[in-house]
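Have the coordinates open as you go through the points.

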Amino acid sequence: MVQYNFKKITVVPTGKDFIDIILSRTQRQTPTVVHKGYAISRIRQFYMRKVKYTQQNFHDKLSTIIEEFPRLDDIHPFYGDLLHVLYNKDHYKLALGQINTARNLIGKIAKDYVKLLKYGDSLYRCKSLKVAALGRMCTVIKRVGPSLAYLEQIRQHMARLPSIDPNTRTILICGYPNVGKSSFINKITRADVDVQPYAFTTKSLFVGHTDYKYLRYQVIDTPGILDRPFEDRNIIEMCSITALAHLRAAVLFFLDISGSCGYSVAQQAALFHSIKSLFMNKPLIIVCNKTDLQALEGISEDDMKLVMEMKAEAMKTLIGQGGEPTNDEGVLLTMSTLTEEGVIAVKNAACERLLDQRVELKMKSKKLNDCLNRFHVAMPKPRDQKERPPCIPEAVLEAKAKKVEQAAEKQKKLERDLENENGGAGVYSASLRKHYILANDEWKEDIMPEILDGHNVYDFVDPDILQRLEELEREEGMHQEHEADDDFEMDGAELTPEEQEALAEIRKKKRLLIQQHRVKKSTAESRPTVPRKFDKDKQFTSERMGRQLSTLGLDPTLAINRARSKSRGRKRERSIDRGDQNGTDDMDVDGNQPNKKLRLRSRSQSRSRSKSRPPYEVVPGEGLKDSAQKKKAVKLAEKSHMKRNKDARKGEADRVIPTLRPKHLFSGKRSTGKTDRR
């Protein structure tokens, strides 16, 4: 678990922003109105409150900065030295000390001016003291402005530091630049460290995490270290030195035996011997990398001798309980991050060595004795040389076998079992139709066409088609029965020869009329409409119709009279009864001696318009059932308008003329207190 989270440190404002924040808060959170007519005690209290509130805000802000930044003497030595390497411990403490001094000075200033305000004798004197107090506080903050800016830069950099837990299981990778450290951490963790073919690509510590035997390990990639005096090393190298010095971890010292990193094996061995004091009490593994370019057996004798010397030094970290090295396995390993050969072996060896060491240290601790006193492990001793295998009764074995058989019978056969029985994957094809619910199981495997006669078959699928077909056939049978009863067509079987000839003539004439009608209908748009009086051919006269019906043996009298009654127009005649109904006085006039004025009057009355429709008469298309329903609808409509008309409110049909620029809002000078429309 990470003990230090530098990302939660509050942002440190600059000196100017600090002053703006505090003074703005004082202005918003304290009263702002005071008059010289107030009692002097009230005026003093007003300004004393402002001074105290400002001092309290400054104190809270500065205290937050001091408390949230870590104290180098109280945190883990790894973080203490790392911050010292990155930021210079003296400058860091000096900046925090200046912030603490500023906090004390502001408290002292507020205390002094509150004493003076207790004896202020006027509004002007109290206000001057308040301005002086706030001004001195702001001056103090301005003087520590550089320290605030320095602490903000440190906060931003600390927020970007990796989250390293100094107390958990850790694997530390070190060595010369460009020997494959970052490639190794990318292979065994999910970290994404930049890898380039030049030195010092990694300029800071990078952290990744990996698992081994269900335990989480953190892997730290350190920048490259050069073989030079301690005083000449830069900040990048000192980050690696700090991690090696303070983290209890398994150390992987990477060795480039191919020399492609730009440094020979002798230079890398010199670096190993110069920093070997940092490997004390830590599991150490020498990793020979880039074996795809140069195998370990193919290096020169001098280089091999140097490698063996480093191995001997690493063996000193592998001490058993008797004080002697146990074995040399897992001390010198080879791998290639390019081909990934041996990468997992190196990771497993480092994790195993670290785990063994941590368990051994815990076994030596005093806390373990308290726990061991509570445990007792009983180990039974054999009483003779006779073997006694476990004895299970036959009845129990039979019951188990029977239970297994019953379970096998009840077990449903799965598609996987069918697949294994019928040739396995790629041979067996599961049928998706065998679970169809049909009236006949033989229909399940029938192939149903998708397209038939240019139509999609599935568009016409109806699950109730059989039931509907039966209903349709039943309805068709009923129609046929009715048609058989009402059939008026003569089949001619029971007619005399003369009647049969007449029937044939009628049917022939009917077909001719249908054909003529169809021709006229097809040419109706282009054919002009000709009035009946211009019919020169006399095709539509009643005499012709009578002759034709007579030739067919039919009596045309009734048809001719009916046609004449429809075609003859009725003359308008004025009756005395109608005059009475219209409320006229024509009854006093002798109908046998009409004069000109009477004739004109009767003609005007005959041409008068018809009576208007009653208000509740139903017009076709209104959607109302009868006159009672229409009467009710009209009454409801009038009732809905009544309240709006009573309140003199405008409706949907009222005319609206909006006032574009009302004069009372855009003219004249506003008096005091009339600025609320801004």
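1. Some terms to begin with: buried means under 20% relative accessible area, exposed over 50%, and partly exposed in between (1.4 Å probe, protein chains only). Helices (H or I, at least four residues) and strands (E, at least two) are DSSP runs, numbered from the N terminus. This is a predicted model, where local features need pLDDT of at least 70, side-chain atom pairs count only at pLDDT 80 or more, and totals for chains, interfaces and linings use all residues. Residues are numbered from 1 along each chain as its sequence is written, and side-chain values use heavy atoms, with hydrogens and water left out.

2. Helix 7 (residues 181-188) is mostly covered, with 6 of its 8 residues buried. Those are Lys-181, Ser-182, Ser-183, Phe-184, Ile-185 and Ile-188. What do they pack against? Taking contact as heavy atoms within 4.5 Å, the partners are strand 1 (170-175), strand 2 (206-212), strand 3 (215-221), strand 4 (250-256) and helix 11 (343-364).

3. Have a look at Gly-259, in the loop between strand 4 and helix 9 (265-274). Gly-259 is partly exposed, at 34% relative accessible area. Its C-alpha atom is separated by 9.2 Å from that of Lys-290, 31 residues apart along the chain.

4. On to the rings: those of Phe, Tyr and Trp (its six-membered ring) pair if their centres lie within 6.5 Å. That rule gives 11 aromatic pairs. Phe-6, Phe-78 and Tyr-79 are linked into a cluster by ring pairs.

5. Last, charges over rings, meaning NZ of Lys or CZ of Arg within 6 Å of the ring centre and within 35 degrees of the ring normal. Arg-42 sits over the face of Tyr-38, 3.7 Å from the ring centre, and Arg-169 over that of Tyr-217, at 5.7 Å.

Definitions and conventions. Phe/Tyr/Trp six-rings, centres within 6.5 Å; stacked < 30°, edge-to-face > 60°.
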